[in-house]
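The following paragraphs lead through selected features of the structure shown here, beginning with a charge and a ring.

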Amino acid sequence: MSEPCCAEVIVELPVARTDQVYHYTVPPSLRQLVKTGIRVQVPFGPRRLPGYVVGFSPPPPGIVLKEILGVLDAVPAFTEELYRLARWLGERYLCTTWEALQCIAAPRRAARERETVVLAAVGAAEEAARVLGRAPKQARAWEAARAEPGLTRAQLAARAGVSSGVVDALLRRGLLVPVKQALRRDPYPGRATGRPAAGPRLTAAQAHAVREIAQAVAARRQEIFLLWGVTGSGKTEVYLHGIARALARGRQAVVTVPEIALTAELVEVFKRRFGEQVAVLHSRLGSGERHDEWQRVADGRATVVLGARSAVFAPVADLGLVVVDEEHESSYKQEEDPKYHTREVALARAKLAGAPVVLGSATPSLESFARAVAARSYRLLTLPHRIDGRPLPEVDIVDLRKEHRAGNPHVLSRRLQAAIRERLARREQVILFLNRRGFATVILCRECGLVLECPHCAITLTYHRGGTVRCHYCNYQARVPQVCPACGSAELRHFGTGTQRVEEEVRRLFPEAGVVRVDADTATRRRALEHLLGAFRAQQANIMVGTQMIAKGLNLPQVTLVGVVCADTTLFLPDFRAAERTFQLLTQVAGRAGRGDVPGEVLIQTHVPEHYSIAAARQHDYEAFFTKEIALRRRLGYPPFAALARIIFKGALPGEVREAAENFKRFLAGAAAVEILGPAPAPVARIKDQFRWQLVLKSNRAGVLGEVCRQGYAEFARTFRKRVTVSIDMDPQRMF
């Protein structure tokens, strides 16, 4: 850094949505420490604020600059490439660079490093052989220490098969020395330790996909592959081979999964192949674990990063391949500001790095598949068959209307009950899927018709076993009242079905079966999901009841029957993607059946068996579903034929919120090539005591849409002074 240069600093200003860069001089005492990416403390008016150094430049003329007060972190929080990504993120999702950097930067409060004492072998082999010639156990321990440096006293004794006294003797003789070493906080200890293993032989389709990916890696070409493979076709093996090609060229790889639960599922698979080169990054890690894993990546000790959304921001030095598994999943969209989509961030980052991207799915998003079949920016790679020629499961539909007419009072149809009984007799396993937790979805007074709602959200309360009701938006909880709050009647009854009710019915109908329930209520604690799945794999339970947490990514070879308790829960949501989500969920959960040696069967219970998404799922026919759905999207002007933006207004006073939405629309009036829908109350009109209105914007020119939203917000923020929060969601994945 030359003398006349000053630091360019982005400062945290929560009120202002601006990307203003401020200039500060660097005092001589800090010149060796201040570099791009470092977090510093700076004077800002009467305050002291944190900021990030984002560059250096000559001082602006005619301005007296203040000095940086101090350096807050010892190492840069981001690389130059990640800073460019933050700038892109701000432009694409209409947030400030500071907000973008909060997603990207290193863990802010790095936990204090833990240390342990390890042993190092000292001396040449010839000298050790001479000294230890008559002490074979000591010789064995010394050789073990030399072969595997960094073992503790107890670990070395165990590796060499000797007592701790033998190790102590080597310490006394000076052939081993104690060394202090930072102790890594491993979030997944004991997973697939030892020498990395080779993978199975590839099928012809897998080999073709790997060749195409490897060529793009070798050419440092930012190419986008859509890997479309049926469930059980070996997409993960293609990922692993592609990553190996990147590592062989000295580059790194990032793999994202849509659910943190799936990270744990894949850690063992990846560590078996790549050993300690694998680092894991996601929001459920402890602060120390997250710090240590981030640091291993930044230092180059870990070259394969596996994790959920935040893994896409891993500080790898030379990105060679990005994999987005289950690319269709809506959970890749962050619901808090900035509302980025992981898939789009992955594409932007790969472009900066000159790296290919593999988007994998058995049920690709309509947008991705449309780009691939049109050969417009995406290349399609297909895996049409399951590994070892295993058949896809037979899928049949159970019409719940007929069950009702037949007088069946149970949640499970007669046919599904018989199929479960058959599997239990054969000691096989069963999955029962319902994408709704709790016991019942509605509590209603049969006298006056009152439905119990959350006092803070415009949503019905869900009944949970044990006599409590809960809001699944704000987590408000209360006891079920003895009488109706409106009319005093004792005729309060619960209706609808959740996973708790399914579990109770299964236990009543099949008392001999072991049952495990997997949903957001049972898997709240860290590692809870791993323990539940571990118990099921160990066949401590025969039947697993669960929500979408169990619908994808799990390889459970003993499962031969999947029952979908009600396929309609996602079908009639106020969202143009409702049919797509239903097809994807049904296809993914059906794919859990028949992954072992015994063929699988799937029974889908529904009130609308004629719906095209359910009919296509029955046939495992993605292309039939795509043809029907893409025609509807074209006619209605929805993605991929238009870009969308959803603008949400929130506040404590409903009149102010409505006024804000109407004012914002006036600022958008006259915008060319943009259709404005609303303002209108949001489908969920109140959450956490905040009233909500929305505008939906449509345009066939995505760039124009972003600029219109940016200009509208700037004018709105300049003139509207009431207490209303505005959130802009570009390419929303949820419309409710």
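**Rings, charges and a sheet**

Lys628 lies over the face of Tyr612, 5.7 Å from the ring centre; a charge sits over a ring if NZ of Lys or CZ of Arg is within 6 Å of the ring centre and within 35 degrees of the ring normal. The model is predicted, so local features need pLDDT of at least 70 and side-chain atom pairs pLDDT 80 or more, while totals for chains, interfaces and linings use all residues. Residues are numbered from 1 along each chain as its sequence is written, and side-chain values use heavy atoms, leaving out hydrogens and water.

Tyr612 also belongs to a cluster linked by ring pairs, together with Trp228, Phe369, Phe583, Tyr622, Phe625 and Phe626. Rings of Phe, Tyr and Trp (its six-membered ring) pair if their centres lie within 6.5 Å; planes under 30 degrees apart count as stacked, over 60 as edge-to-face and the rest as tilted. Because the centres of Phe583 and Phe625 are 4.7 Å apart and their planes at 0°, this pair is stacked. Phe583 is buried at 1% relative accessibility, where buried means under 20% relative accessible area, exposed over 50% and partly exposed in between (1.4 Å probe, protein chains only).

Four strands form an open antiparallel sheet in the order 27-28-26-29. Two strands pair if DSSP finds at least two bridges between them; helices (H or I, at least four residues) and strands (E, at least two) are DSSP runs, numbered from the N terminus. Strand 27 and strand 28 (residues 690–699) pair over seven bridges, and Ile676 stands opposite Leu697 in strand 28.
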